Amino acid sequence: EAGRTQTTRNMQSLAAAVLLVTHANALKLPGINSCPKATEEQLSSAEAQLASFQVAFSRAKLALYALAGLLVLECVVSYLSKFWKSWLPRKGAHVLITGGSEGLGKALALALADKGHNVSLVARTRAKLDRAI
């Protein structure tokens, strides 16, 4: 981290120095005119290095954000997994499922019935409920 910060400062100082020297004549600052002028090639090289450094830094920052997000997600899943078993009904418990005539409700009802639970289904349409049973 400290090395990266120092590299960032060095690149910023280099870019500032190149720009200052390049534009010294336009600025008419005393003492600056004695500095050697940077060629267009040196200026474009410094700007290219700065641009590539900024791209690399942005990618590294994005990777760190993604890693932090995954870490938070892992912590949440780990915390919730402690309580997962308490969310499931005990064997032989009575379970009421709304929307149990089709889709996920029906699949959940069948899975819980296979595990020995007493399942009651509620649906909006009597015909669909009769087909589900």
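How many residues does helix 4 have, and how far does helix 4 reach from its first C-alpha to its last? The legends below begin with the whole chain and then take up this helix.

**Figure 1. Overview of the predicted protein.** This is a predicted model, in which local features need pLDDT of at least 70, side-chain atom pairs count only at pLDDT 80 or more, and totals for chains, interfaces and linings use all residues. Residues are numbered from 1 along each chain as its sequence is written, and side-chain values use heavy atoms, with hydrogens and water left out. The protein has five helices and two strands, in the order α-α-α-β-α-β-α from the N terminus. Helices (H or I, at least four residues) and strands (E, at least two) are DSSP runs, numbered from the N terminus. Of the 133 residues, 14% count as buried; buried means under 20% relative accessible area, exposed over 50%, and partly exposed in between (1.4 Å probe, protein chains only). Among contacts with a separation of 6 or more, 48% come from residues 24 or more positions apart, a contact being heavy atoms within 4.5 Å.

Figure 2. Helix 4 (residues 103–114) has twelve residues and reaches 17 Å from its first C-alpha to its last. This is close to the 16 Å expected at 1.5 Å a residue, where the expected span is 1.5 Å times one less than the number of residues. Gly-105, Ala-109 and Leu-112 are buried in helix 4. Seen down the axis, the buried residues of helix 4 fall within an arc of 70 degrees, so they line one face of the helix; the arc is that of the directions from the helix axis to the C-beta atoms. Strand 1 (94–98) and strand 2 (118–122) are included in what covers these buried residues. Exposed Gly-103, Leu-104 and Asp-114 are on the face turned away from the buried side of helix 4. Just after helix 4, Gly-116 takes a positive phi of about 95 degrees.

**Figure 3. Thr-98 in strand 1.** Thr-98 is in strand 1 and is exposed, with a relative accessible area of 60%. From Thr-98 to Val-122 the separation is 24 residues in sequence and 4.6 Å in space, C-alpha to C-alpha.

**Figure 4. Two salt bridges.** A salt bridge is a side-chain nitrogen of Lys or Arg within 4 Å of a carboxyl oxygen of Asp or Glu, and by this rule the count is two. Glu-102 forms one with Lys-128, with the closest N and O atoms 3.4 Å apart. This pair links distant parts of the chain, 26 residues apart: Glu-102 is in the loop between strand 1 and helix 4, and Lys-128 is in helix 5 (residues 126–132). Glu-102 is partly exposed at 46% relative accessible area, and Lys-128 is partly exposed at 30%. Arg-126 and Asp-130 also meet in a salt bridge (3.4 Å, N to O). Being four residues apart in helix 5, Arg-126 and Asp-130 are separated by about one helical turn. Arg-126 counts as exposed at 63% relative accessibility, whereas Asp-130 counts as partly exposed at 44%.

**Figure 5. A nonpolar surface patch.** Val-72, Val-76, Tyr-79, Leu-80 and Phe-83 form this patch, with about 450 Å² of accessible area together. Patches are made of residues with over 30% relative accessible area and no salt bridge, like charges being joined within 9 Å and nonpolar side chains (Val, Leu, Ile, Met, Phe, Trp, Tyr) within 5 Å. Accessible areas come from the Shrake-Rupley method with a 1.4 Å probe; for residues, only the protein chains shown count as cover. Tyr-79 is in helix 3 (residues 40–87) and counts as partly exposed at 49% relative accessibility.
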